[in-house]
Amino acid sequence: MDIKAQNTALLVFIRDSKLEAETKVFAEHLGFEGNEKVAKVLNQRIIKLCQKTDIPTFIFNGSKQKGESFGARISNAFDSLFEKGFENVIAVGNDCLTISCE
């Protein structure tokens, strides 16, 4: 791992699959349960991809997110990683479909 990577953290910022399915419809014909399954698969995919890297990965799902708005929640997540001493933070969500480890 190079020097820059040592000061870098990956922030996986996702909602719990149930809440995601309540607010997003991936495909209407799937219904709520099907959309919840899609959200769960997308969440698991991004977590696994990030954990395959040499970069420390921190998962901020619903229970770890603090704040009333999206902006406050993601800002607080970034702040918590900067407080841990990271100089660079890369945020990804389950909607980063083309991301890869290569």
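Leaving out neighbours within four places in sequence, Thr8 touches Ile55, Pro56, Phe86, Asn88 and Ile90, where contact means heavy atoms within 4.5 Å. Thr8 sits in strand β1, residues 8–13; helices (H or I, at least four residues) and strands (E, at least two) are DSSP runs, numbered from the N terminus. With a relative accessible area of 8%, Thr8 is buried, on a scale where buried means under 20%, exposed over 50% and partly exposed in between (1.4 Å probe, protein chains only). The Thr8 side chain also makes a polar contact with the side chain of Asn88, at 3.3 Å. A polar contact here is a pair of N or O atoms within 3.5 Å; within protein, one must be able to donate a hydrogen and the other to accept it, and residues adjacent in sequence count only if both atoms are side-chain atoms.

A word on the model: it is predicted, so local features need pLDDT of at least 70 and side-chain atom pairs count only at pLDDT 80 or more, while totals for chains, interfaces and linings use all residues. Residues are numbered from 1 along each chain as its sequence is written, and side-chain values use heavy atoms, with hydrogens and water left out.

Zooming out, the protein chain has four helices and three strands, running α-β-α-α-β-α-β from the N terminus. Of its 102 residues, 30% count as buried. Among contacts between residues at least 6 apart in sequence, 69% join residues at least 24 apart.

On to the aromatics, where three pairs turn up. Rings of Phe, Tyr and Trp (its six-membered ring) pair if their centres lie within 6.5 Å; planes under 30 degrees apart count as stacked, over 60 as edge-to-face and the rest as tilted. Phe13 and Phe70 have ring centres 5.6 Å apart and planes at 85°, so they go down as edge-to-face. Since Phe13 belongs to strand β1 and Phe70 to helix α4 (residues 70–83), this pair ties together parts 57 residues apart in sequence. Phe13 is buried at 11% relative accessible area, whereas Phe70 is exposed at 52%. Phe58 and Phe86 are edge-to-face too, with centres 5.5 Å apart and planes at 70°. Phe58 is partly exposed at 23% and Phe86 is buried at 14%.

Finally, Ala39 in helix α3 (residues 31–51) has 0% relative accessibility and counts as buried. Beyond its neighbours within four places in sequence, Ala39 contacts Ser17, Glu20, Phe26 and Asn94.
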